[in-house]
Amino acid sequence: MARTEKTDDKPDGRVLRGQENRRRIVEAMLRLVRKGNISPSAEDVSAEADVGLRTVFRHFDDMDSLYREISEQMLSEIAPIAGAPLPEGDWPVRLAEMVERRSVVFEKIMPFMVAADVHKHRSAFLREDHAVLTRVQREMLQDALPPALREEGMRLEAIDLLMSFESWRRLRQDQGLSIAQAKNTVLFAVSALGEAD
């Protein structure tokens, strides 16, 4: 009797288990980083994900794909905040809203950005991801600026720096400011630059 080929498109059980384990590993890494572990070991992830150490090593073999999945999860959390249209109105109103939104986004991504800095030197994906974030921040800022400020080189560069994640991280971590203090500091500095003659 001839053997009939299986036409069923259902995924193999091993494939499903592999996908589930990978999801658990990514979520475990996210939880550990949020808790302040900027460079989780395979043992840490194994315990947090409740999977075997060998399973973690299988997935850790391709770190850039794990970083990519973490980045995609973070992007899905921050895109609705960052991408919402700015309110109509003059520059100070739009600026205040942009500072408010960036403070929320930067607080969400800070643990992951700190962790990424530890690994960026050996990850092409993390280097590219950082370049994209820097470019997107600048483009969003340029879209919100009045034409006179957009065209003024040094002021644009200074405002871009002040509104960057790197400035936010310094204010919050190195200078120890609260979220409200950091927001007010950025708003004060950028408003002063916007009004400078």
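The count of aromatic pairs comes to two, where rings of Phe, Tyr and Trp (its six-membered ring) pair if their centres lie within 6.5 Å. The model is predicted: local features need pLDDT of at least 70, side-chain atom pairs count only at pLDDT 80 or more, and totals for chains, interfaces and linings use all residues. Residues are numbered from 1 along each chain as its sequence is written, and side-chain values use heavy atoms, with hydrogens and water left out.

**Aromatic pairs**
- Phe-106 and Phe-165 form an edge-to-face pair, 5.6 Å centre to centre with 80 degrees between the planes; planes under 30 degrees apart count as stacked, over 60 as edge-to-face and the rest as tilted.
- Phe-106 lies in helix α5 (residues 91-119) and Phe-165 in helix α9 (residues 165-174), so the pair ties together parts that are 59 residues apart in sequence.
- Phe-106 and Trp-168 form a tilted pair, with 6.4 Å between centres and 50 degrees between the planes.
- Ring pairs link Phe-106, Phe-165 and Trp-168 into a cluster.

**Burial**
- Phe-106 and Phe-165 are both buried, meaning under 20% relative accessible area (1.4 Å probe, protein chains only).
- Trp-168 is buried too, with a relative accessible area of 3%.
- Of the 197 residues in the chain, 34% are buried.

**Whole chain**
- The chain has 10 helices and zero strands; these are DSSP runs (helices H or I, at least four residues; strands E, at least two), numbered from the N terminus.
- Its C-alpha trace spans about 90 × 40 × 25 Å along the principal axes.

Definitions and conventions: Buried means under 20% relative accessible area, exposed over 50%, partly exposed in between (1.4 Å probe, protein chains only).
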